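Visitor: Could you pick one part of this model and give me a close look at how it packs against its surroundings?

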Amino acid sequence: MDLAQDPDDQLLGRIAQGDPAAVRALMARKLTRINGLALRMLGDASEAEDVTQEVFLRAWRQAPKWTPGAARFDTWLHRVALNLCYDRLRRRREIPTETPPEQTNDGPAPDRGLEADDVGVRVAAALARLPDRQREAVVLCHYQELGNIEAAGLMGVSVEALESLLSRGRRTLRGALADLV
């Protein structure tokens, strides 16, 4: 896509001028995808909502400074969301606990067969166990539906490195979910 033809440039110009309808339009256009990205990266709906709010606050603040054609706004927005997710993931690792957390069984209840919700929970749990970079690659390509070139650019890696991350992530997910087939 040509940077000069970014569909969000005009909308950002209107936001910079204080147009509340433009803010609503941006939210309608991007909210679901950004919140979905945060939810898949963090695995916690409340944290995902916090990240999503912060992403849109930063977009609103950035709008007056935005230079059309310098970059795709959607790419910038995804990068901001990913950075905020990684900040939260780092903080999680830094919190020492006196007692180990309770272990929960993410598998289906013994008295039920696999239902759609159970499968979704298992997939989300397997996705959460992937290394951060593999999870990021899988989320960007499969859930956010970005192409390999765009996802690689967002992650700051080559397309070959992205494909390697995707391959390892998919293989790990297949192994973790093999009993579902």
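**Around helix H6**

Guide: Let's start with H6 and helix H7 (residues 148-155), which pack at about 140° with their axes 10 Å apart (axes are lines fitted to C-alpha atoms, for helices over the stretch in contact, and angles run from 0 to 180 degrees between N-to-C directions; helices are DSSP runs of H or I, at least four residues, numbered from the N terminus). That makes H6 oblique to H7 (under 35 degrees is roughly parallel, over 145 roughly antiparallel, 65 to 115 roughly perpendicular, the rest oblique). This is a predicted model, where local features need pLDDT of at least 70 and side-chain atom pairs pLDDT 80 or more, while totals for chains, interfaces and linings use all residues. Residues are numbered from 1 along each chain as its sequence is written, and side-chain values use heavy atoms, without hydrogens or water.

The crossing of H6 past H7 is right-handed (near helix turned clockwise from the far one by less than a right angle). On the H6 side, Arg133, Glu136, Ala137, Leu140 and Cys141 make the contact, and H7 answers with Asn148, Ala151, Leu154 and Met155 (contact means heavy atoms within 4.5 Å). That set splits into six nonpolar, one polar and two charged residues (Ala, Val, Leu, Ile, Met, Phe, Trp, Tyr, Cys and Pro are nonpolar, Asp, Glu, Lys and Arg charged, others, Gly among them, polar).

Now for another partner. Helix H2 (residues 20-42) packs on H6 (residues 132-143) at about 150°, again with the axes 10 Å apart. That makes H2 roughly antiparallel to H6, and H2 passes H6 in a right-handed crossing. Leu37, Arg40 and Met41 of H2 meet Asp132, Arg135, Glu136, Val139, Leu140 and Tyr143 of H6. By class, you get five nonpolar, no polar and four charged residues there. Glu136 and Leu140 meet H2, and they also touch H7.

Some of these residues turn up again in the largest pocket, whose lining includes Met41, Asp132 and Arg135 (an open set of 1 Å grid points over the protein atoms alone where a 1.4 Å probe fits, with protein on both sides within 12 Å along at least five of seven lines; lining residues have an atom within 4 Å of a point). The lining also takes in Leu42, Gly43, Asp44, Glu47, Leu89, Arg92, Arg93 and Ala128. H2, helix H4 (73-94) and H6 are the elements giving two or more residues to it, and H4 gives the most, with three. Charge is well represented: six charged residues, against four nonpolar and one polar. The space inside is about 280 Å³ (filled by probe spheres on points joined across faces, edges and corners).
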